[in-house]
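Please look at the sequence and the three-dimensional structure shown below, and keep both in view while reading. The paragraphs that follow lead through them step by step.

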Amino acid sequence: APLPADLKAARQQPLDKATVEQVQAAVLANDETKDYDFSSLSERVEQGLELAGTPAAAAVRDAILDELKAILKKARFREDTLLGKRKFAAADRDKEIAELGLMVRDDEPVEAQQAKQEEVDQVKAKFDELTVAYDAASAYRKTLRDLLDELTHDEDAAAEALAASQSSLTA
């Protein structure tokens, strides 16, 4: 039964400190999370290094990963919120553009068309602002996800190997 032992061993290994520090740097560089307090996480990372290879290390590792996953979950929520706002802004922009098109078609006075064009420009600027914010939130979340995947790579590989082995036994 080397596969369960491999998974157990992977879970007892400390998380790569440099990668955890990259997560911290990404979080602190983001305007939304720049005030995050990593003091307890840093202590747990050090504790994980001290306990490496022991059963207690798995619990410390889980606590660290839980905190990092919570940060990732908040990043996903912010990204989803911005996406929703961006969709509504796109609908507003499309409505204003359609109204301007109708004004041009109906040969409305130039002053009215210019006023509508200013409204279109304002709505478009809001949409563009939300697009930039959404793109930044998306890139931030993907960076965190990639770093988290890197941290759990060995454990994930061992879990996949175990699952494949178990499924081959039942097949």
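The model is a predicted one.

In soluble globular proteins, nonpolar side chains tend to be buried together. In this model the largest nonpolar core has 20 residues. Those with the most contacts inside this core are V27, L41, I64, L68, I71 and L144. Two or more residues come from each of helix 2 (17-29), helix 3 (39-50), helix 4 (55-105) and helix 5 (110-151). Of these elements, helix 4 gives the most, with 7 residues.

Which residues does L144 touch, if those up to four places away in sequence are not counted? They are V23, A26, V27, I71, L72 and A75. Apart from this core there is a second, separate one of 7 residues, and L82, A90, F127 and A137 are included in it.

The next topic is the way in which two helices pack. Helix 2 and helix 3 have axes 11 Å apart, and the angle between them is about 170 degrees. Angles over 145 degrees count as roughly antiparallel, and helix 2 is therefore roughly antiparallel to helix 3. Where the two helices meet, K17, V20 and Q24 of helix 2 are in contact with L41, S42, V45, E46 and L49 of helix 3. L41 is also among the residues with the most contacts inside the largest core.

A pair of aromatic rings is described by the distance of the centres and the angle of the planes. A search of the whole structure finds 1 aromatic pair. The pair consists of Y36 and F38, whose ring centres are 4.6 Å apart; because the planes stand at 50 degrees, the pair is tilted.

R93 lies over the face of the F127 ring, at 4.3 Å from the ring centre. Q122 counts as exposed, since its relative accessibility is 58%.

The loop between helix 4 and helix 5 contains D107. The phi angle of D107 is near 55 degrees, which is a positive value in a residue other than glycine. With 65% relative accessibility, D107 counts as exposed.

A18 is in helix 2 and is partly exposed, with a relative accessible area of 45%. Between A18 and L151 there are 133 residues of separation in sequence, yet their C-alpha atoms are 9.8 Å apart in space. A158 belongs to helix 6 (residues 153-170). Leaving aside neighbours within four places in sequence, A158 is in contact with D6, L7 and A10. A158 counts as buried, at 12% relative accessibility.

How values were computed
Residues are numbered from 1 along each chain as its sequence is written. This is a predicted model: local features need pLDDT of at least 70, side-chain atom pairs count only at pLDDT 80 or more; totals for chains, interfaces and linings use all residues. Side-chain values use heavy atoms; hydrogens and water are left out. A nonpolar core is a set of buried Ala, Val, Leu, Ile, Met, Phe, Trp, Tyr and Cys residues joined through side-chain atoms within 4.5 Å. Buried means under 20% relative accessible area, exposed over 50%, partly exposed in between (1.4 Å probe, protein chains only). Helices (H or I, at least four residues) and strands (E, at least two) are DSSP runs, numbered from the N terminus. Contact means heavy atoms within 4.5 Å. Rings of Phe, Tyr and Trp (its six-membered ring) pair if their centres lie within 6.5 Å; planes under 30 degrees apart count as stacked, over 60 as edge-to-face and the rest as tilted. A charge sits over a ring if NZ of Lys or CZ of Arg is within 6 Å of the ring centre and within 35 degrees of the ring normal. Axes are lines fitted to C-alpha atoms, for helices over the stretch in contact, and angles run from 0 to 180 degrees between N-to-C directions. Angles under 35 degrees count as roughly parallel, over 145 as roughly antiparallel, 65 to 115 as roughly perpendicular and the rest as oblique.
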